[in-house]
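Let's take a friendly walk through this model together. We will begin with strand pairing and then turn to aromatic rings.

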Amino acid sequence: MYIFHCLLLAFCALGSIEAKAEEKVFDTPTLDRIAQTGKIRIGYGSTAPFSFLNADGQVLGYSIDLCRAVVEKLKQRLKVQSIDVEFVPRTPSNRVQLLNDGTIDIECNASTNTAERRKSAAFAYPHFFTVTRYVSLRKSGFKTLDDLKGRSVSVALGTVNVNEINESSRRRKLNISAVPVESLQAAFDMVTEGRVAAFAMDEVLLKTMIARTQNPSDYVLSEEQVTDAQPFGFMMRVNDKAFVGAVNEALSEIYKSETAKEIYKRWFEESMPGLNINLGLPMSNFLAEAFRNPKIVE
């Protein structure tokens with residue numbers, strides 16, 4: 001009984017230590033903690049060209065370059081000699097959890113800014129705009145949403161595309177069966193293998209995935225859009241106003257400089273570093289205006 005009592009006390013003490021360790025993440029404001037530790041934790045994904053691991057294990061991407069530029073601005077703001085970047089892998093389904101449990105400070109990827117998501121995460125000024133389409137095998141001849149009536153469509157867990165395809169199916173009585181999977185690549189592979197008719201996702205990501213296949217001509221994007229243009233933004237913790245404000249102030253300076261244009265050109269108008277593909281995608285009017293006049297999406 002005595003041994004059991006001691007073990008129970010030890011377990012409770014350990015739980016208390018872990019709880020305090022978790023609390024410390026939020027006891028110190030993010031900006032203060034970065035200044036004290038000289039470290040920022042950035043979440044990234046397997047989402048080229050926004051963030052991805054190259055063959056050498058380096059984290060690269062359009063979003064990553066922008067966030068590195070933000071870190072340089074934060075270094076000046078905090079008057080510290082250096083800020084080390086710790087990259088933390090995240091998935092579409094765990095990104096908000098990693099933010100809110102303190103594993104990452106900011107997610108630098110391609111998260112769509114929606115009213116529903118703003119309930120659990122704060123968003124930075126938009127850094128990209130895209131529409132949702134679907135990819136299918138060219139031989140299938142699919143072009144519109146109506147072509148998918150009664151068929152299965154893969155979607156990535158944790159993405160807005162799940163609700164988008166379900167809502168379109170309900171509204172137009174298409175009886176589409178959404179098949180949720182853990183990763184974008186797994187969803188794309190289901191199309192290649194003929195296990196689903198299509199994969200619904202952000203157009204820019206689909207274009208990149210198609211370009212990376214051995215036979216890009218085997219695939220085609222839908223002519224019909226599933227959604228209108230929507231903004232991408234870096235996600236941060238809700239109620240972390242000082243950090244969100246500092247990131248947006250940094251982005252505003254970056255967007256209004258030549259840096260943002262150079263970064264965009266590197267990833268969308270030239271051969272992508274680490275991928276050697278070129279999307280040939282000029283900057284949209286939406287993004288050009290967002291760079292000229294950065295605003296919070298509400």
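Which residue in strand 11 is the bridge partner of Val135? The partner is Phe199. Before going further, please keep in mind that this is a predicted model, in which local features need pLDDT of at least 70 and side-chain atom pairs count only at pLDDT 80 or more, while totals for chains, interfaces and linings use all residues. Residues are numbered from 1 along each chain as its sequence is written, and side-chain values use heavy atoms, with hydrogens and water left out.

Strand 11 covers residues 198-202; strands (E, at least two residues) and helices (H or I, at least four) are DSSP runs numbered from the N terminus. Strand 8 (residues 132-137) pairs with strand 11 in the antiparallel sense over 4 bridges, where pairing requires that DSSP finds at least two bridges between the strands. Strand 9 (residues 152-156) pairs with strand 11 in the parallel sense over 2 bridges, and here Val153 stands opposite Ala198. Strand 11 is mostly covered, with 5 of its 5 residues buried (under 20% relative accessible area; exposed is over 50%, partly exposed in between, with a 1.4 Å probe and protein chains only).

Now to the rings. The structure holds 16 aromatic pairs, meaning rings of Phe, Tyr and Trp (its six-membered ring) with centres within 6.5 Å; planes under 30 degrees apart count as stacked, over 60 as edge-to-face and the rest as tilted. Phe129 and Phe286 are stacked because their ring centres lie 5.6 Å apart and their planes meet at 25°. This pair links distant parts of the chain, 157 residues apart: Phe129 sits in strand 7 (residues 128-130) and Phe286 in helix 10 (residues 285-292). Phe129 counts as buried at 19% relative accessibility, whereas Phe286, at 52%, counts as exposed.
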